[in-house]
Amino acid sequence: MYKKCVAGISVALILVLLLFTKGLQKIKFTLLNPVSMSEAEQVWSTRARAERFEFRALMCNGVQLPLDYMEKTFYLPLNMETEEWETLEFTSGNPEYQVIFSEDFTKYDKKQLMKENADIEFLVYNDTEFSTYHMVLTGLPVIDIYSAGAIEGQQKEIAGHAVFYDINFSSQGIVSSDYNGHIRGNMSTLFPKKGYKMNLTKQRADGIVENNKISLFGMREDDDWILSALYNDDSKLREALCIDLWNTMGAKGIYTNSTYNTAQTFVELIVDEAYYGLYALKEPIDAKQLNLRTDDYSYKREVPEELDAEVFASAENPQEHVLGFEIKEGVPDQNAWKPMAHFSEILNGSDEQFEENAGKLLDEDNAMRLWLYIQVIAGYDQQKKNVYYVARKEGNGYYFTFAPWDLDLTWGNVSGQDPQTLYTNYDEGMISKYFYWETGDRLIRQNVDGTADKMQKLYKQLRENELSDETIERLVKKHDRVLRDSGAYAREEKRWPESVYVESPEIVLNFAKERMAYLDNALFELDHFMEW
């Protein structure tokens, strides 16, 4: 109904409500300005319809809106949590054109217009012609990137300028920055929709380019950001759910001013005046997030190789990649891999050696919590992979803590070989599967310092609140509501129809509930669960 009322402007309606006179357009137009029928008819009679103009600048409260040029569609981010309409004043940013909305769309329900992805039409005209353009309301922030074609090219590196529109931009303005970066991912680089790593930059008066640390959408102030494409997740919310749960299970309080997790917000991306769809903007798990010092290390585990102390100890220097690990933080000098060599030696040593040294080598509570977390989320990709090994200098040695990353293959999603399924399969068998992570596994199997007993006690406590069915359902529905009520999920499906989608988040929610019901018994029958 709203699409018909708000956007579907018939020829008859255009005849009646088309335009102000040229003199009237000298003042700023707002949605509440009256339309003179006689003046509109006079303008109509002297103008012809045009397919399109070189019109690129619709201004809202003095700020130019992001545009999908080929679709003639502008994007207006607004607060989807409030029923009240923001104060909106529209003008043309191109002096040779004027704009007019045929009706005051603010008389309709804002939330409903967003949810239904309503197409709000308006008219652009000059002295001789008019053309119909479109505007979409979104409840998500929008990032408008200019790349001079670099993102569409074959090269991995990207650079350009970006404008960041928060949902309150109409009152608080926008932020913008130059950037450089690259396409990120492994298998995901084969997808038509890419993920990106962005480094924000600025040029000083003397011409020197330096990092540009700014806060985006309520997240930390920094220059490094990640744009995850969410392409192979049919729900688009698996990672968001995992981030929430790790925050409550183990990401906080490991070290002062540290968070062993990322933070994210859903956004919509426009690149070179073309709509690119739904993304998750994330903070990287880096030295700032982990609060590392200059002599600390963070090793990113990317490939499931066996940990071999001799290989780490004999690594040629400087060498950033060894046995599927990459040095993400720390100096890759002649000592860079010695912490991993010592860690691997103890981890692969005898039961007596491991039990004697585990408490001095690693944070047993952090490792236990991560092991439990991997079981809860069915972390398919956290088995010998996708975990940060953080080595902090303490005295003459290093002390290890751990953080997960890349959480799309969770809650039943597993790796596949078929490009038609985006190299991803959904496997209900994961509900009753044990997920092996050797560090946590060793602690639990040997019950080092009562680790298995502590895990079981912690799980019982978490199930009462943080991991209750009600909490998980609330989190799943919260993220799904944001994606669908903002209109972004529908726009993503239209933009990337070859991706995967679900009508509701029930596939994730049902898996989570069945997984938790299984763990209620399995975590207390470890001899059977861990397949000893």
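Strand β10 (residues 129-138) is mostly covered, with nine of its 10 residues buried; buried means under 20% relative accessible area, exposed over 50% and partly exposed in between, with a 1.4 Å probe and protein chains only. The model is predicted: local features need pLDDT of at least 70 and side-chain atom pairs count only at pLDDT 80 or more, while totals for chains, interfaces and linings use all residues. Residues are numbered from 1 along each chain as its sequence is written, and side-chain values use heavy atoms, leaving out hydrogens and water. Strands (E, at least two residues) and helices (H or I, at least four) are DSSP runs, numbered from the N terminus.

Strand β6 (residues 73-77) runs parallel to β10, joined by five bridges, and Y75 stands opposite V136 there. Strand β2 (residues 48-49) is also parallel to β10, through two bridges; R49 has F130 as its bridge partner in β10. Two strands count as paired if DSSP finds at least two bridges between them.

Strand β9 (residues 120-125) pairs with β10 in the antiparallel sense over six bridges. V124 has S131 as its bridge partner in β10. With three residues between them, β9 and β10 form a hairpin.

Two bridges link β22 to strand β23 (residues 325-329) in the antiparallel sense, and V322 stands opposite F325 in β23.

## Nonpolar cores

A nonpolar core is a set of buried Ala, Val, Leu, Ile, Met, Phe, Trp, Tyr and Cys residues joined through side-chain atoms within 4.5 Å. The largest has 122 residues, of which W371 and F400 touch the most other members. Helix α11 (residues 364-377) gives the most to this core, with nine residues. Apart from it lies another core, of 38 residues, including F74, M80, F90 and V136.

Not counting residues up to four places away in sequence, F400 touches Y299, P339, M340, F343, L361, L362, D363, Y389, V390 and A391; contact means heavy atoms within 4.5 Å.
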